[in-house]
Amino acid sequence: MSIRNRLTALKKNRVEYVKASDVNSLYQAIVKQVTKLNDVRDDTTTYNNRLDTTLADVFSLLSLFYLTIGKTKDTLATYCQIASMRQILNHMNESTVYNESDLAPFHRRLSELRNIIQHDREHGKHPKPLIKLLERQLNECEAIVRSLQESLSVLSVELAPIHQKLVTIRRQLVALAAKEGSHKAELKPLQEELRKIESARVDGNFLGPGGIVPASQALCSSLLEECFEISQEIKANEESKHVASSLKPIYDRLSELRSELESLVLTHRWTLRETDLFNYSLSLQEIDKMRVEGKFVDSEGNRPPGQYVLLYLLRRCYGLIYRLLSASEPVSEELMPIANKLSTVKKCLNEVLKFGGPFSPRDLYPYQLALFQIDSLRQDGRFVGVDGSIPEGQGILMAHLNECHELVEMLKESMEEAEDEDDEDIEDDEDLDEEGLSEEER
């Protein structure tokens, strides 16, 4: 609890940038406690008590701090990403609404995270108990992906296009259910698509080539029925603001969280400190735990209407958190303002180069001044932190800086070429004038 409190205090401190030395001291303290815990526990037993909950919070915060200081390729930085993926995959498993293209990005990302963990293990970067913990988390996540892929393997080739279409329609319907206002115009074409799919069935079965009845009928039929159910709920709730009054507080809270997270997706490069995501994750977990057998219930234990809307918002928020974690760059928080400035300068220079001249030295002056200011921040060729340390992200910043200088040189060259062409035009005009005068003299 002491370490958790120290991590929380560091997270709340917005006056100073997070220092790698502070994170490292907390890491050392955690390693000691994990080693003691492993000494009294056996590997075969699964534990899930208050201590494990605190341990999960500690690792989540520490993992987010590693992202904040730019150590995105470190084993500890993978913990929060694995946890976020597991939440999304569990919801996908629960809803049974997914296809191969949905699982492919998770499979690729888990493979990348495994490579990071294996690299650190081979180089002895972290103690074995810590590596073991992360590998166990990763294995659990990969097991869920395999389970989801196996459930799709029963889907026949003939029914795969229908299943894909139904998955897409269902997502459009739940997104529609979560929107404010009337949906008649948007709902109608989706209902027509569902009726068209329904009319293709013969005696309740989807047929393949030659009139055969392919396997996995239940998978597509249940999905079709669920789509019709959601469309009917949308129509029924047109006048009732989508959810029952007993679930309105949950709806309002989820809507607020989604709005804040969507805003962070747009502005994360300038406003996000990765540790901020911890509070969002906790809030979503608290809401998730309120469900009974997968459904939200009122005080009397009933299941009021609006379930699809709440589940859509909950899963949307989980997805946004994972998106923000995946977008984290290997640049320390302390160097992010410089990285953002370089990114802006580079975009502007590319646009100027794209649309062409004519340019004058005055046009390039603001960009040269910005690059000079950034260059002057370096000491012995490196960007140094407030405490004299060398923050993560030096290579990326130098690559951006060199690219900006190259773009400026390219613009200078194009400016000189334009001036040479102008000089040639002037000389040609003078030659023509001289020829004209000599003819008059004759």
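**Close-up 1. Glu-293 sits in the loop between α11 (277-288) and α12 (307-326).** In this predicted model, the phi angle of Glu-293 is near 55 degrees, which is a positive value in a residue other than glycine. Most residues other than glycine have a negative phi. With a relative accessible area of 71%, Glu-293 is exposed.

**Close-up 2. Asp-380 occupies the loop between strands β1 (378-379) and β2 (382-383).** Although Asp-380 is not a glycine, its phi is positive, at about 55 degrees. The relative accessible area of Asp-380 is 82%, and because exposed means over 50%, Asp-380 counts as exposed.

**Close-up 3. Tyr-27 and Tyr-66 form an aromatic pair, in a structure where a search of the whole model finds 3 aromatic pairs.** The ring centres of Tyr-27 and Tyr-66 are 6.4 Å apart and the ring planes stand at 70 degrees, so the pair is edge-to-face. Since Tyr-27 lies in helix α2 (residues 20-40) and Tyr-66 in helix α3 (residues 50-68), the pair ties together parts that are 39 residues apart in sequence. Both Tyr-27 and Tyr-66 are buried.

**Close-up 4. Gln-191 belongs to helix α8, which covers residues 184-199.** The relative accessibility of Gln-191 is 11%, and because the limit for a buried residue is under 20%, Gln-191 counts as buried. When its neighbours within four places in sequence are left aside, Gln-191 is in contact with Ser-231, Gln-232 and Lys-235.

**Close-up 5. Val-202, Leu-207 and Val-213 make a nonpolar surface patch of about 230 Å².** Of these residues, Leu-207 is placed in the loop between α8 and α9 (217-236). Leu-207 has a relative accessible area of 37%, and it is therefore described as partly exposed.

Close-up 6. Cys-317 is in no disulfide, and the nearest cysteine sulfur, which belongs to Cys-80, is 17 Å away. For Cys-404, which is likewise in no disulfide, the nearest cysteine sulfur is that of Cys-348, at a distance of 9.5 Å.

Conventions
Residues numbered from 1 in each chain as written. Predicted model: local features only at pLDDT ≥ 70, side-chain atom pairs only at ≥ 80, totals over all residues. Heavy atoms only, no water. Helix = DSSP H or I, 4+ residues; strand = E, 2+ residues; numbered from the N terminus. Buried < 20%, exposed > 50% of the residue type's maximum accessible area, 1.4 Å probe, protein only. Contact = heavy atoms within 4.5 Å. Disulfide = S-S within 2.5 Å. Patch = residues over 30% accessible without salt bridge, like charges linked within 9 Å, V, L, I, M, F, W, Y side chains within 5 Å. Areas by Shrake-Rupley, 256 points an atom, 1.4 Å probe, with all protein chains shown as cover. Salt bridge = Lys/Arg side-chain N within 4 Å of Asp/Glu carboxyl O. Phe/Tyr/Trp six-rings, centres within 6.5 Å; stacked < 30°, edge-to-face > 60°.
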